[in-house]
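The following paragraphs are intended to be read with the sequence and the three-dimensional structure side by side.

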Amino acid sequence: MDREMIVSAEDPRFEVRLSGPVELRSGDRILDLGPRQRRHVLAALAVDLGRPVPAEVIIDRVWGHQAPAQARRSVHAHVTRIRRLLEQAGDDGERLRLGPLGYVLGAVTVDLYDYQELVSQGTVSSLRAALRRWRGEPLTGLAGDWADRFRAVWAQRHLDAVLAWATAELPGTGSARLVGPLTDLLAEHPLHEGLSATLMRALAATGRPAQALAVYARTRQRLVAELGAEPGAELRAVHQSLLREENTVDRAPAVVPAQLPSAVRGFTGRVRELVQLDAVLAEHRDDPSSVMLAVVSGTAGVGKTALAVHWAHRVRHQFPDGQLYIDLRGYDPDRPVAPADALARFLTALGVPLRDIPLDVDERTTRLRSELARRRVLLLLDNAASVDQVRPLLPGSPSCAVVVTSRDALAGLVAVDGAQRLVLDLLPPDDAYSLLRRLAGAGVDSEAAAAHALAELCAWLPLALRIAAELLLSRPGATLAGLVTNLRDRQERLSRLDAGGDSRAGVAAVFSWSLQRLPDSAARMFRLLGLHPGPDIGADGAAALAGLDRATARQLLDRLARSHLITAVGPDRFHMHDLLRAYAIAGATGGTAAMDRLYAYYFTAAAAALSHLHPLRATSPTPAPGIDGIATARAWLDTERPNLVALSGHAASQSRPDLTIDLAQLLFRYLLPSYPVEALAINEHARSAAESAGNLAGQAHALLGLGVAAAQLDGRLEAADYLRRAAHTFHTLGDAAGEAQAWNALAITHHLLGDYRTALDHWQRSLNLARAADDLAGQARALNNLGYLKPTLGHYEEGMDHLRESRRINERTGNRASAAITASNTGRVLAEQGRRQEAIKEYETALHWHRDSGNRSGEAEALTYLGSVHTAGGDFTRAGELHRRSLEMADAAGNPNGVAEARNGLGELALARGDLQDAVRQHLTVMELGAITAVETARAHAGLGTSYRLLGDNEVAADHYRRALDIYTTLGAAHAERVRAELHATLSGS
């Protein structure tokens with residue numbers, strides 16, 4: 001519903017109430033609508049306020065399949081009566097009218113939409129106001145499938161609104177008023193774990209922990225008795241916090257992924273198979289000694305995914321800790337999903353920070369099983385190719401369930417892992433007929449024989465039947481018999497789509513006939529789209545692939561989408577089913593030239609985007625359609641990132657090492673530091689391609705990319721190995737600029753490891769090499785890093801000299817990314833020297849340039865540095881805002897050290913405000929983080945030392961001071977003397 005359109009049409013004199021019994025009001029007066037059916041007609045109009053509603057839709061909403069012969073006349077009579085009521089109350093005749101597309105109700109308010117608007121604002125006051133507007137079960141007294149569905153949707157929305165209100169009230173003083181409504185709602189939904197958890201928090205907040213524990217006990221008892229399952233992660237966390245007598249109000253809810261795709265429209269039949277899956281789940285509940293594992297196998301297009309997704313939606317309430325889904329693309333010609341990538345996606349969905357995802361596949365498997373331990377999660381692994389692709393993704397916890405779909409029988413999973421196999425056969429005739437009738441309409445009944453023949457020609461495959469039905473609907477006046485005749489004429493053209501023995505005769509017939517109905521240009525586009533290696537494609541990519549202008553390409557894409565040969569997955573984005581893609585590839589011609597055009601488009605557009613994000617003064621941005629500035633450049637790269645990675649792998653597999661290598665080098669600055677997982681993948685492709693081609697320069701650059709990516713992902717030892725090999729290879733080639741870049745990255749790795757002296761030597765070496773190569777960008781890079789480290793070691797003037805030189809280079813080259821780092825490091829030195837206003841100016845400059853260049857980690861760092869300056873200046877409110885923004889950005893970017901910096905900044909802010917408990921909490925949180933620099937660890941210990949000293953616990957304070965002093969002394973950091981003085985004061989009691 002378009003809320004802006006509704007608001008523009010509202011008139012407070014007239015209101016339709018759908019919450020509770022349906023009412024039509026004029027001011028404070030309720031207009032007499034008369035019989036129940038008239039209220040039903042009004043409701044059917046009001047839900048599409050301001051939009052035309054055809055009479056057929058109103059009939060379906062009011063009567064469903066039991067519509068009388070005179071239903072259309074009845075609708076008109078009811079609408080006429082409603083219009084007269086409005087006119088008698090002062091309407092000008094425009095609020096309810098008949099247009100060319102149907103009846104339109106406008107210029108009134110609808111209570112449920114006002115309710116939803118208030119809920120969406122999300123404030124305590126708006127949520128209270130929304131709940132006051134709720135009058136009870138919507139459409140009270142109206143019967144029928146549509147009314148039931150409407151009630152179910154709004155009942156869930158109301159439940160979500162109550163929970164949102166309760167969550168908003170909890171931190172304040174309103175906890176007491178929550179208990180009654182939440183208790184009543186829980187009585188209606190006794191298995192809703194979110195309600196139970198929220199009620200427990202409210203009871204605990206009002207001093208009734210025993211009652212809160214009783215709620216948990218009752219909920220657990222019912223879950224076990226009725227579902228055979230233990231409570232989920234969030235409810236267990238609240239329970240444990242109560243047992244530990246912790247504050248339960250501010251606890252963040254557990255991450256609960258909900259990745260299931262939308263259920264297939266018009267799903268029909270498969271009752272026996274659904275019962276089988278239900279039985280597997282029930283058997284597992286009776287004997288929960290292992291993971292429930294079911295394999296749904298069958299030929300391509302038989303509906304494996306549709307069945308699995310449909311069943312998963314039916315049982316998802318039994319898995320309150322979430323549902324994970326992945327399309328493994330096992331039968332894709334050149335881009336199946338590797339287990340390592342699938343594991344990374346699952347871990348991310350479960351809330352594991354990017355920094356904590358291991359590099360090794362086995363370690364990722366172990367981490368996934370740890371994350372799923374004791375959680376009730378449903379995993380749907382779609383389109384698997386082999387046991388080896390699936391087995392690393394299997395959880396170890398018997399509380400989880402896994403459904404795998406595959407064209408292969410996956411015998412190993414059955415024999416070794418105890419999977420239950422369900423072989424999905426072709427649709428039975430009755431189910432095929434029902435599906436065709438549901439998709440093509442009741443007119444199928446008059447051509448029953450032709451419908452049976454069509455299902456037979458479609459090989460009883462649901463996918464083929466869906467396409468056939470769409471073809472029938474898209475041709476006015478077409479008949480089933482005519483469609484059957486066309487298919488029979490083309491039976492000689494049926495063939496297998498691959499050499500694997502997977503029969504697709506019926507699907508090939510429908511696809512072949514479908515393409516024959518398309519213009520040659522659209523059919524050619526369809527064939528070429530099969531060559532695209534990425535998950536989806538936009539109009540510009542399709543235009544390049546086909547050698548057309550964008551407007552023409554977009555028209556062809558829309559035509560293919562209407563024919564259900566591709567699927568729209570977003571604005572200007574289209575996806576092709578893997579079966580369709582296999583068919584398209586089989587008939588594609590001119591593939592080499594098309595892929596050359598595609599490679600050229602992606603490379604040119606990526607270069608254009610990067611020239612905006614990382615411009616050099618000597619060059620102008622590369623022109624590319626739709627990329628005309630920083631915002632559009634970043635948006636293009638973010639959208640096309642999966643395609644760029646896929647294109648890299650495709651080029652490598654097609655013996656195009658030059659393209660793989662060039663693409664990796666081009667994307668280096670974009671992928672790092674924000675997307676290290678993708679950087680790792682694309683540089684691994686580049687290294688493999690370079691090695692096979694004997695390209696030493698390509699190997700060196702790929703090793704450099706692998707090293708920087710591994711360092712970002714906390715694989716510091718692996719990173720150091722990659723980078724030493726890169727430096728050696730660059731040296732062998734005589735590439736001083738490349739060698740300088742490798743030594744710079746290796747210095748960063750040693751800095752992260754806390755080896756400052758080695759880092760300093762490597763940065764100096766990098767600077768010397770960059771100067772020898774006359775590499776200005778390399779010089780600025782090394783100078784920035786030296787300008788960061790030397791002040792840490794107490795050499796402030798030397799650091800400022802390096803930063804001044806870097807600034808002069810940046811002014812010559814126009815390198816905004818480097819200029820941002822220079823400004824941030826300069827601000828840091830100025831802040832250390834107490835020159836706060838100058839530091840603030842530098843940090844604000846850094847923020848501006850970091851945002852322009854898309855460096856999220858750099859922006860987070862500048863924010864927290866700026867926050868610390870405001871803390872020192874006594875502006876605690878502004879400091880808190882900056883530190884919290886920094887924390888959000890660093891966490892989103894997967895930057896653990898950025899999180900540590902922000903947390904330490906918040907701890908120092910709390911200390912300055914006198915909130916010692918919060919200071920302790922913030923610094924202790926830093927201690928629990930992994931993959932942070934030694935200096936942030938020392939900073940946390942120093943903060944804890946001061947906090948505990950002010951709390952009167954000198955023994956604990958001294959211990960933290962000693963730890964901070966040990967780290968600072970090892971690093972050679974200037975802060976060692978300050979901490980030593982604090983330790984001495986603590987020990988002497990002064």
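The expected span of a helix is 1.5 Å times one less than its number of residues. In this predicted model, helix α39 covers residues 836–853, 18 residues in total. The distance from its first C-alpha to its last is 26 Å, close to the 26 Å expected.

Several residues of α39 are buried: Ala 839, Ile 840, Glu 842, Tyr 843, Ala 846, Leu 847, His 850, Asp 852 and Ser 853. These buried residues pack against α27 (591–613), α28 (630–653), α37 (796–813), α38 (816–832) and α40 (856–872). After α39 comes Gly 854, which has a positive phi, near 75°.

A pair of helices may be considered next. Helix α43 (residues 916–928) and helix α44 (residues 934–950) have axes that come within 9 Å and cross at roughly 155°. Because angles over 145 degrees count as roughly antiparallel, α43 is roughly antiparallel to α44. Their crossing is left-handed. On the side of α43, the contact is made by Leu 916, Ala 919, Val 920, His 923, Leu 924, Val 926 and Met 927. On the side of α44, it is made by Glu 936, Thr 937, Arg 939, Ala 940, His 941, Gly 943, Leu 944, Ser 947, Tyr 948 and Leu 950. By residue class, the contact of α43 with α44 comprises ten nonpolar, five polar and two charged residues.

Two single residues deserve attention. Gln 779 lies in helix α36 (residues 776–792). Its relative accessible area is 7%, so Gln 779 is buried, the cut-off being under 20%. Apart from neighbours within four places in sequence, Gln 779 is in contact with Leu 767, Ala 770, Arg 771, Asp 774 and Ile 809.

Ser 297, in turn, belongs to strand β7 (residues 292–297). Ser 297 counts as buried because its relative accessibility is 5%. With neighbours within four places in sequence again left aside, the contacts of Ser 297 are Lys 304, Ser 406, Asp 408, Ala 409, Arg 421, Leu 422, Val 423 and Leu 424.

Finally, the chain may be viewed as a whole. Its secondary structure comes to 46 helices and 14 strands. Of its 990 residues, 54% count as buried. Among contacts between residues at least 6 apart in sequence, 64% join residues at least 24 apart.

Terms used: Residues numbered from 1 in each chain as written. Predicted model: local features only at pLDDT ≥ 70, side-chain atom pairs only at ≥ 80, totals over all residues. Heavy atoms only, no water. Helix = DSSP H or I, 4+ residues; strand = E, 2+ residues; numbered from the N terminus. Buried < 20%, exposed > 50% of the residue type's maximum accessible area, 1.4 Å probe, protein only. Contact = heavy atoms within 4.5 Å. Axes fitted to C-alpha atoms, helices over the stretch in contact; angles between N-to-C directions. Parallel < 35°, antiparallel > 145°, perpendicular 65-115°, else oblique. Left-handed = near helix turned anticlockwise from the far one by under 90°. Nonpolar A, V, L, I, M, F, W, Y, C, P; charged D, E, K, R; others polar.
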